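Please open the structure in your viewer and keep the selection tool at hand.

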Amino acid sequence: MADDLSLGDFTIGEKARIAGLVARMAKRGAAGEGVDISDLQRRVERIEDQARRRKQKP
């Protein structure tokens with residue numbers, strides 16, 4: 001698919017932000033099964049959407 005993102009499609013700042021969010025998700029996940037991480041997942045999805053839009057520009 002043309003929408004697939006690779007690591008090279010992200011800026012250095014986006015990679016750092018995603019890494020930080022993933023670390024926060026892991027920390028929350030370690031707290032237990034009932035912990036909600038959907039807010040962090042939405043933030044990562046927004047970063048992915050930015051990269052996807054940038055990739056689609058001519």
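Begin by selecting Glu14, which is buried, at a relative accessible area of 5%; buried means under 20% relative accessible area, exposed over 50%, and partly exposed in between, with a 1.4 Å probe and protein chains only. The model is predicted, so local features need pLDDT of at least 70 and side-chain atom pairs count only at pLDDT 80 or more, while totals for chains, interfaces and linings use all residues. Residues are numbered from 1 along each chain as its sequence is written, and side-chain values use heavy atoms, with hydrogens and water left out.

**First stop: the pair at Glu14**

The side chains of Glu14 and Arg54 form a salt bridge, at 2.7 Å from N to O. A salt bridge is a side-chain nitrogen of Lys or Arg within 4 Å of a carboxyl oxygen of Asp or Glu. Glu14 belongs to helix H1 and Arg54 to helix H2, so this pair ties together parts that are 40 residues apart in sequence. Arg54 is partly exposed, with a relative accessible area of 36%.

**Second stop: the two helices**

Now select residues 12–31, helix H1, and residues 38–56, helix H2. Helices are DSSP runs (H or I, at least four residues), numbered from the N terminus. Their axes come within 9 Å and cross at roughly 160°; axes are lines fitted to C-alpha atoms over the stretch in contact, and angles run from 0 to 180 degrees between N-to-C directions. H1 and H2 are therefore roughly antiparallel to each other, a term for angles over 145 degrees.

Which residues of H1 meet H2? Among them are Ile18, Leu21 and Met25 in H1, which face a set in H2 including Leu40, Val44 and Ile47. Contact here means heavy atoms within 4.5 Å.

Select Arg28 and Asp39, whose side chains meet in a salt bridge of 2.7 Å, N to O. Arg28 lies in helix H1 and Asp39 in helix H2, so the pair ties together parts that are 11 residues apart in sequence. Arg28 is partly exposed at 23% relative accessibility, and Asp39 is partly exposed at 28%.

**Last stop: a pair within H2**

Finally, select Arg52 and Asp49, a salt bridge whose closest N and O atoms are 3.0 Å apart. Both residues lie in helix H2, three residues apart, about one turn of the helix. Arg52 is partly exposed at 26%, as is Asp49 at 34%. How many salt bridges does the count come to? The count comes to four.

Technical notes: Angles under 35 degrees count as roughly parallel, over 145 as roughly antiparallel, 65 to 115 as roughly perpendicular and the rest as oblique.
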